Amino acid sequence: MPARGQDTPLSGLPRVDDLVAAAGRLVERHGRPAATEALRRAVGDARRRLLDGDTRAPSVGDLVAAAGRDLAARRPGGPRRVLNAAGVVVHTNLGRAPLSAAAREAVWQAAGYCDLELDLVGGGRGSRSAHLSPLLEEACGAESGFAVNNAAAALVLALAALTGGDEERAGPPGREVLVSRGELVEIGGSFRLPEIMAASGARLVEVGTTNRTRARDYVTGGSTALILKVHPANYTITGYAAAPSVAELAEVARGAGVPLVHDTGSGLLDDAPDPWLAGEPSVRGSLCAGADLVVCSGDKLLGGPQAGLLVGRADLVDACRHHPLARAVRLDKLRIAALVATLEAHLRHAADTEVPVWAMLRADPAALALRADALARGVGGRVVDGASLPGGGSAPGSRLPGPVVRVDVAAPGEAAAALRAGDPPIVARVDDGALWLDPRTVDAADDAVLADRVAAVVSA
């Protein structure tokens, strides 16, 4: 035991009040009570280490830093702006489609009081669907349209409404839904179609085989509620494979007197000539081929906010709109505002210039080459032929040729980590022992920031 009055490592611990006085930034950011508790926890941890044999008491700076890390873990904050240099256009981990300038402005306008459910002419109650439905109908060539908070919710709602939600029209709960075994998809986060179907109350009936399913495999009966076709948005089946077209399934569905529901996935509104879109179903194309109801995402190739679209026959859309689940999965005012602005850009045929996803997908090759060359000079890299990915479960297997910048560094993984740790964080790709930067997915206005940050990391 140390003699009375003799200093010990514990006696070197500063008072909490002194730490609070030295932690002005933490107090300003998190508030005095939270900062004080974090500093107390830091002192407590230090005390335990000293009692366990550590001989060095931490400094004031050490303890303030520890409290800062503690608060950062407890209060991570909202999503931060990130520069995407990885070359994946619809990057699920980075929030999928970046919103257009018009969509961002629309969100800002709707953030306060707005006419979400108010008829400004008559002064009575309005409908939030009224903002979207006419645009969805026009953009998709559909009788009616409705939107909910994501595509999985749209599918659950459609299955619930069309298999048991209205007994006079749809029959008893738990009616059958016919799906090809080759379309029993799993989407991000380990959500699987059979589980989604079970949550809706529908009864899954698998038809065909994993690699080959024909129209004649869809044998309907009195308990059949609908036929469901699901686009395999995040994988492809090649080789000895076959699947019936939408038109073939529509003929089967009509003969059986049941609706055909098509989950097209990506939200591509209309057929397009781009080679990388070959085989990607469009909403309008599916409806023209005979689908009765189409379900898709709003934050992939549509280029808008997270949403699930349901478009098609008016009676089917109305069944979804009036189902009790519809309120549980409805869109809020901010996403409605962003979706309206995005659809309006498509209707003006201005998506290639106004919607960031399409501006990137159809970027001018010559402009990309100039930007890549400038970036390579700025970071000490070299331009090579590469390819970007549509991403987000859109056009699986497709690649968009274009210039990319290869930066050879001794530790590319550490360089990528350093870029992610900066402000703003930069996400690059690491492959073949090098750091790769793709200008296609970077806003041209951020090229200088990207070059300066990469150059600093490489030189360090």
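Beyond its neighbours within four places in sequence, Ile227 is in contact with Leu178, Tyr218, Thr220, Leu249, Val252, Ala253, Val258, Pro259, Leu260 and Val261. The model in which these contacts occur is predicted. Ile227 is also one of the residues that touch the most other members of the largest nonpolar core, a set of 33 residues; Leu132, Leu260, Leu309, Val311, Leu339 and Leu343 share this standing. At least two residues of this core are supplied by each of helix H6 (129–140), H10, H11, strand S9 (293–297), strand S10 (308–312) and helix H14 (333–347). The greatest contribution is that of H6, with five residues. A further core, of 31 residues, lies apart from this one and includes Leu162, Val177, Leu226 and Val329.

Helix H10 spans residues 246–256, and its buried residues are Val246, Leu249, Ala250 and Ala253. These four residues lie on the same side of H10, because the arc that they cover around the axis is only 105°. Two of them, Leu249 and Ala253, are among the contacts of Ile227 listed above. The packing partners of the buried residues of H10 are strand S7 (224–230), strand S8 (260–265) and helix H11 (283–288). On the face of H10 turned away from the buried side, the exposed residues are Glu251 and Gly255. Gly257, with a positive phi near 70°, follows the helix.

Helix H6 also contains Ser129. This residue counts as buried because its relative accessibility is 15%, and the threshold for burial is under 20%. Not counting residues up to four places away in sequence, Ser129 touches Pro134, Phe146 and Arg321.

Open space in the model was examined next. The largest pocket holds about 1,200 Å³ of space. Its lining comprises 38 residues, and those nearest the centre of the pocket are Val82, Ala97, Pro98, Leu99 and Arg104. By residue class, the lining consists of 18 nonpolar, nine polar and 11 charged residues. Strand S1 (83–84), helix H5 (101–110), helix H15 (351–354), helix H16 (356–361) and helix H17 (365–379) each contribute at least two residues to the lining. Among these elements, H16 provides the largest share, namely three residues.

Note on methods
Residues are numbered from 1 along each chain as its sequence is written. This is a predicted model: local features need pLDDT of at least 70, side-chain atom pairs count only at pLDDT 80 or more; totals for chains, interfaces and linings use all residues. Side-chain values use heavy atoms; hydrogens and water are left out. Buried means under 20% relative accessible area, exposed over 50%, partly exposed in between (1.4 Å probe, protein chains only). The arc is that of the directions from the helix axis to the C-beta atoms. Contact means heavy atoms within 4.5 Å. A nonpolar core is a set of buried Ala, Val, Leu, Ile, Met, Phe, Trp, Tyr and Cys residues joined through side-chain atoms within 4.5 Å. On a 1 Å grid over the protein atoms alone, a cavity is a set of points where a 1.4 Å probe fits but cannot get out, and a pocket is an open set with protein on both sides within 12 Å along at least five of seven lines; lining residues have an atom within 4 Å of a point. Grid points are joined across faces, edges and corners, and a volume is the space filled by probe spheres set on the points. Ala, Val, Leu, Ile, Met, Phe, Trp, Tyr, Cys and Pro count as nonpolar, Asp, Glu, Lys and Arg as charged, and the others, Gly among them, as polar.
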